[in-house]
Amino acid sequence: MTIENMITVDVEDWYHICGVRDIIPEHMWPNFETRIHQNISRLLHILGKSDVRATFFALGYIAKKFPEVIRKIKQNGHEIATHGYSHRRVYTMTPETFREDLKRSVDIISSVTGEPVRGFRAPEWSIRDDSLWALDILLEEGFTYDSSKAPLHFIGNPDYPKIPHQLTLQHGKIWEIPPLVGSTPFANLPIAGGWGLRVFPYRFIHSAIRRWNDQGHPALIYFHPREFDPEVPHIRLPLVKRFVLGAKLVGTEKRLNRLLKDFRFSSVISVLETINARKV
Ligand SMILES: [Zn+2]
């Protein structure tokens with residue numbers, strides 16, 4: 001049996017960057033050049049060529065400002081989930097503001113798609129030990145799955161499970177879909193997306209997915225539209241941020257094409273349906 005892996009995309013523009021609110025405050029967003037249309041079109045074209053359906057975690061801000069982008073993604077047969085409204089890391093919010101931000105995003109996204117929103121991805125994988133309360137809120141708000149806990153040092157916790165699993169909370173269960181990590185004796189490496197997916201040798205990423213699939217587990221990969229845009233506008237950012245955002249952008253498309261050629265992919269919700277069907 002060939003395992004279906006998951007391609008996911010955080011639908012945000014190039015200036016939606018965590019941890020730099022002093023440099024790019026939210027009130028400045030409308031002043032920036034918009035590049036989301038062309039970058040999403042590029043991604044849809046690449047996925048379409050391989051006839052792959054993915055999950056797009058849409059930022060509520062984008063759905064409100066550019067509903068045509070969300071409609072186009074949906075018309076191409078992809079799953080639309082949410083990335084929150086205003087791109088704030090979960091652990092910087094109170095439970096009340098998180099719920100407000102979440103519901104605001106769900107209202108706008110479902111009004112555009114006409115369908116319920118079943119999955120959530122926090123900006124910068126920001127459901128971690130000090131914000132696990134967010135999972136209870138997701139469950140209360142009717143979500144089927146979360147994809148916000150990274151089994152990685154610094155961002156999340158290397159002890160978090162690495163495979164899709166069901167979390168048992170006080171009032172029920174919710175699926176957690178972590179990003180693929182590369183296991184080494186020293187640390188788990190961030191190879192599922194962002195700079196890690198662009199910079200680590202392809203054979204390392206390939207063998208990590210192969211190993212996962214051989215054990216019967218699907219791997220989760222993620223992209224940002226700005227990673228398909230070597231012409232992305234420059235802005236003065238701290239050195240680490242510049243590396244994380246800018247390293248090897250010219251190779252992103254090639255890397256996605258190789259993954260699509262070498263493995264099978266689908267949306268998160270479709271993979272969960274397969275897992276659930278197998279259990280019955
Ligand atoms: Zn994001």
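Trainee: What covers the buried residues of α4?
Mentor: Keep in mind that this is a predicted model. Covering is read from contacts, that is, heavy atoms within 4.5 Å. For the buried residues of α4, the cover includes the strands β2 (55–58), β3 and β4 (119–120). The helices α2 (60–65), α3 (67–75) and α5 (133–140) are also among the covering elements.

Trainee: Which residues of α4 are buried?
Mentor: A residue counts as buried when its relative accessible area is under 20%. In α4 these residues are F98, D101, L102, S105, V106, I108, I109, V112 and T113.

Trainee: How many Å should the 19 residues of α4 span?
Mentor: The expected span is 1.5 Å times one less than the number of residues. For α4 that gives 27 Å, and the end C-alpha atoms are 27 Å apart, so the two values agree. Just after α4 comes G114, with a positive phi of about 75°.

Trainee: Where are E124 and W125, which have positive phi without being glycine?
Mentor: E124 lies in the loop between β4 and α5, and W125 has its place in the loop between β4 and α5 as well. Phi is about 55° for E124 and near 50° for W125.

Trainee: Is W125 buried or exposed?
Mentor: W125 counts as buried, because its relative accessibility is 7%. E124 is partly exposed, with a relative accessible area of 30%.

Trainee: At what angle do α1 and α3 pack?
Mentor: To read helix packing, take the angle between the axes and the distance between them. Here α1 and α3 pack at about 5°, with axes 10 Å apart. Angles under 35 degrees count as roughly parallel, so α1 is roughly parallel to α3. On the α1 side the contact is made by I36, H37, I40, S41 and L44, and on the α3 side by E68, V69, K72 and I73. By type, the contact residues of α1 with α3 divide into five nonpolar, two polar and two charged.

Trainee: Which residues coordinate the zinc ion?
Mentor: The zinc ion is coordinated by OE of E12, NE2 of H83 and NE2 of H87, at 1.9 to 2.1 Å. Along the chain, the donors follow the spacing E-x70-H-x3-H. E12 is in the loop between β1 (4–11) and α1 (36–49), and H87 is in the loop between β3 (79–82) and α4 (95–113), so this pair ties together parts that are 75 residues apart in sequence. E12 is buried at 2% relative accessibility, and H87 is buried at 5%.

Trainee: What does R21 touch, leaving out residues up to four places away in sequence?
Mentor: R21 touches E26, S86, H87 and R88. H87 is one of the residues that coordinate the zinc ion. R21 has its place in the loop between β1 and α1 and counts as partly exposed, at 35% relative accessibility. R21 and R88 are 67 residues apart along the chain, and their C-alpha atoms are separated by 9.4 Å.

Trainee: Where does S267 lie?
Mentor: S267 lies in the loop between β11 (264–266) and α10 (268–279). S267 is buried, with a relative accessible area of 5%. Leaving aside neighbours within four places in sequence, S267 is in contact with M6, R53, A54, T55 and E79.

Note on methods: Residues numbered from 1 in each chain as written. Predicted model: local features only at pLDDT ≥ 70, side-chain atom pairs only at ≥ 80, totals over all residues. Heavy atoms only, no water. Donors = N, O, S within 2.8 Å, 3.2 Å for Na, K, Ca; no water. Helix = DSSP H or I, 4+ residues; strand = E, 2+ residues; numbered from the N terminus. Buried < 20%, exposed > 50% of the residue type's maximum accessible area, 1.4 Å probe, protein only. Axes fitted to C-alpha atoms, helices over the stretch in contact; angles between N-to-C directions. Parallel < 35°, antiparallel > 145°, perpendicular 65-115°, else oblique. Nonpolar A, V, L, I, M, F, W, Y, C, P; charged D, E, K, R; others polar.
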